[in-house]
Structure formats: structure tokens, C-alpha cells
Amino acid sequence: MKTLVVGYNHSWKDKRVMRTVETFSKLGHVYYQFSGGIDLSAAQRNSDVQNFSLCRDEMPGTSKVIKRIRFDHEILKLVEELDYDLAYFHSFPASQPVKIFREVKKRGKKLLYDLHEIMPEQFLPERLSFLNPILWKVLKTQLSLVDGVIGVSEEALRMMFEKTGIEKPMLCLPNYATSGVSLENCVKNAEIAVVGGTHRKISIDTSLLNEIKRNFKLVSIGTTCNIADEELPFMDYKLMMERISKVKFTLLAFQSRTDPQYVNDIYSLPNKFYDSLAAGTPVILDRRFVSMRKIVEKTQTGIVLDLLDAMKHPPSFLNDSEAYDLYLDNLRRNYDEFVWDSSKQDVFLDFVATVLKS
């Protein structure tokens, strides 16, 4: 089987995209489009993957609009000219969001759509959100064309299908950690980590934050964070996981938009969530995060709080050693729930096989 994986604006190192490339390479040749540079030594290890580096910002033109149109034209050429059985999109072409999908189907190929976010709510900046209804119509058309949909959470997938009225085979594939860290002999510092690759507002009650800072040092890893006592740079994955394993908690209180109930936040299952749990570090989670809360409450691997209402939480909740030991026991017990492994890859491949046969 030959597969075209379109990473679009995702970099070659994007964990979710690379995971699909590596999985499909076990089945045959993979054409892999990504944005930006590449580690040639790593790329050469897999001769079944043919790489196409296409970056929107490097396209000819003086304006972002022209660059975007030319970028999408290059994506369209891959779709039109390459010899593949399955196209797998990790994003949607901004200037030709339907045409490129239609070209895949025109050629009689199968098409899978991996939605990292609830696209119509995420694509435009907040000031242009009045245009979201148009994007929902675009998504409805896209979903009508694809043969299957992959998403990061059940809640996000359900919302998109219900709002568009489209039903397609679907698979929830969260952003599992690549690997974990052993909790044996791991010393936990009096630190709380904020982890992530993008700058987002941290929403937490001031008095609660001050109480936390009286007991713990706040450390950010790979992100700009105005509440952090220390900002650490972006690290390669293994180093990041080791650093996370040394903190006592990871704080998940980000807010991407003005509305604290913004669906791409509350239905998210981000990398940082699974990475923290796989590193053996419990989370402090804002109650509004529906999808993450369901997992934390099921596995008992962290503290779920209303972080904007300090009056509900006694100061002792972070220093309950008996409860903390229980979190660590539960992290060990549920380790397989947080890490990508062969069983999860098999589920993904079974889904792909079912779509190909349909």
C-alpha cells in the first residue's frame, strides 16, 4: 500500500504526524509532506518514506495570502501527481479547503482526515470568529468527502459530527506520550511545571496562585509563562520527560480564548497532559477541561479543581502526602493508558484497514 501523508503546516518533528508516517511505512511506501527543515540522518533510516519539505512562509510572494495560495497549489500537485492508495490529511488547505479533497476522491483514492482541533473554532483568530459559521459549512463538505475521521477526543469528534449532521467512521486517537519515565528512585522537587509549545494565558485565582507559590517553585518548560518563577527552554523529548518527572505536579490551566468554555480547550487532550502522566507526574487540572477531567477522575492521577475559585480549596490540598502516594500508585497502575504502544498502533491499523475495505 502507498500512502500520502499531508502534514501541511506541521513540522517534520510533530509527534502526532510522525506517528502516522511511521505506522504507514510498515505497510508500504509513504510520501510525507511537512513544513520546515528535516534531520537528514534520522530521515535516511527509513527508505520507505519519501520526504517533501514544503513551507508556506518560504513560498514566493510578498503577502501571506499569495504565499498561502502558492503553498496550497503545491499540495494540490502532490495530490494530483503522486501514486498512492490512501491520502491522510493532518490539516486542511486554507485557500482550497474543498478542492484538494475533491481531487483525492476524483482519482478514486481513499481519504482519512485527522482533526487535531475542532477546526471551525480554531482556524480564525478570535476577532474574526463571526466567520466561523462559514467554516462549519466547509467542514461539513469536507466530512462528506472523506472515508473516515480521526480526532483527539470523543467529545470533540461528537461535537463536529452533531453540528455538521455528517456520520463517518471515526477513531479517537489521543496525543499519547511517546515513552514514559520510571518512578523508581525518582525524587520529586517542590516544583510545579507549566509545559507547552505555545504561549497561552494561565487562568488561576490570584490568591490560590500565591498560596501555591508559597509552597512550590513554578517552572515553565518550552513556553513563555508570566506566572513562572523560572522559564526553561524547549528541550528534546527525552530531556523534557526527565525534567517533568522531577516536579511534583503539572499545572493545566491554559486558556486560549476570552471564553473559558472555548471548545478547543475544554475538549482537548494535549501532548502535555499525556506526557506528564507518562512521566509519573500527577496533574492539577481546571474542572472546565471536560475530556482531561474524565481521564483524571477515572484513573485518580491528579487533582481536579475550580482554579478560579480559591475559596473552595483548603491550602493543605497540595501537601497531602497520603493522597500524593496514591496518585503515584495510580500512575504506575495506569501507565499503559498514557503511552503509545503496539496495541494502540494495532487499533489504528485495524481502523485504516476497515476504511480501505469499505
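Author: What covers the buried residues of helix α4 includes α3 (64-81), β4 (86-89), β5 (110-115) and α6 (132-145). Buried means under 20% relative accessible area, exposed over 50%, and partly exposed in between, with a 1.4 Å probe and protein chains only. Helices (H or I, at least four residues) and strands (E, at least two) are DSSP runs numbered from the N terminus, and contact means heavy atoms within 4.5 Å.

Author: This is a predicted model, in which local features need pLDDT of at least 70 and side-chain atom pairs count only at pLDDT 80 or more, while totals for chains, interfaces and linings use all residues. Residues are numbered from 1 along each chain as its sequence is written, and side-chain values use heavy atoms, with hydrogens and water left out.

Reader: Which residues of α4 are the buried ones?

Author: In α4, which spans residues 99-106, they are Ile100, Phe101, Glu103 and Val104. Seen down the helix axis, these buried residues fall within an arc of 155 degrees, so they line one face of α4. The arc is that of the directions from the helix axis to the C-beta atoms.

Reader: What does the face turned away from the buried side carry?

Author: That face of α4 carries the exposed residues Lys99 and Lys106. Just after the helix, Gly108 takes a positive phi of about 75 degrees.

Reader: Which residues other than glycine have a positive phi?

Author: Tyr8 is one of them, with phi near 60 degrees, and Gln300 has a positive phi of about 55 degrees. Most residues other than glycine have a negative phi.

Reader: Where is Tyr8, and is this residue buried or exposed?

Author: Tyr8 lies in strand β1 (residues 3-11). At 4% relative accessibility, Tyr8 counts as buried. Leaving aside neighbours within four places in sequence, the contacts of Tyr8 include Gln33, Phe34, Leu54, Phe71, Asp72 and Pro93.

Reader: And where is Gln300 found?

Author: Gln300 is in the loop between α12 (290-299) and β15 (302-305). With a relative accessible area of 42%, Gln300 is partly exposed.

Reader: Let us change topic to helix packing. At what angle do α1 and α14 cross?

Author: Helix α1 (residues 15-24) and helix α14 (residues 342-357) cross at roughly 70 degrees, and their axes come within 11 Å. Axes are lines fitted to C-alpha atoms, for helices over the stretch in contact, and angles run from 0 to 180 degrees between N-to-C directions. The two helices, α1 and α14, are therefore roughly perpendicular to each other; the word covers angles of 65 to 115 degrees, with under 35 roughly parallel, over 145 roughly antiparallel and the rest oblique.

Reader: Which residues meet there?

Author: Thr20, Thr23 and Phe24 in α1 meet Gln345, Phe348, Leu349 and Val352 in α14.

Reader: What about α9 and α11: how far apart are their axes?

Author: The axes of α9 (residues 237-245) and α11 (residues 271-278) are 9 Å apart, and the helices pack at an angle of about 65 degrees. Tyr237, Met240, Met241 and Ile244 of α9 make the contact with Asp275, Ser276 and Ala278 of α11.
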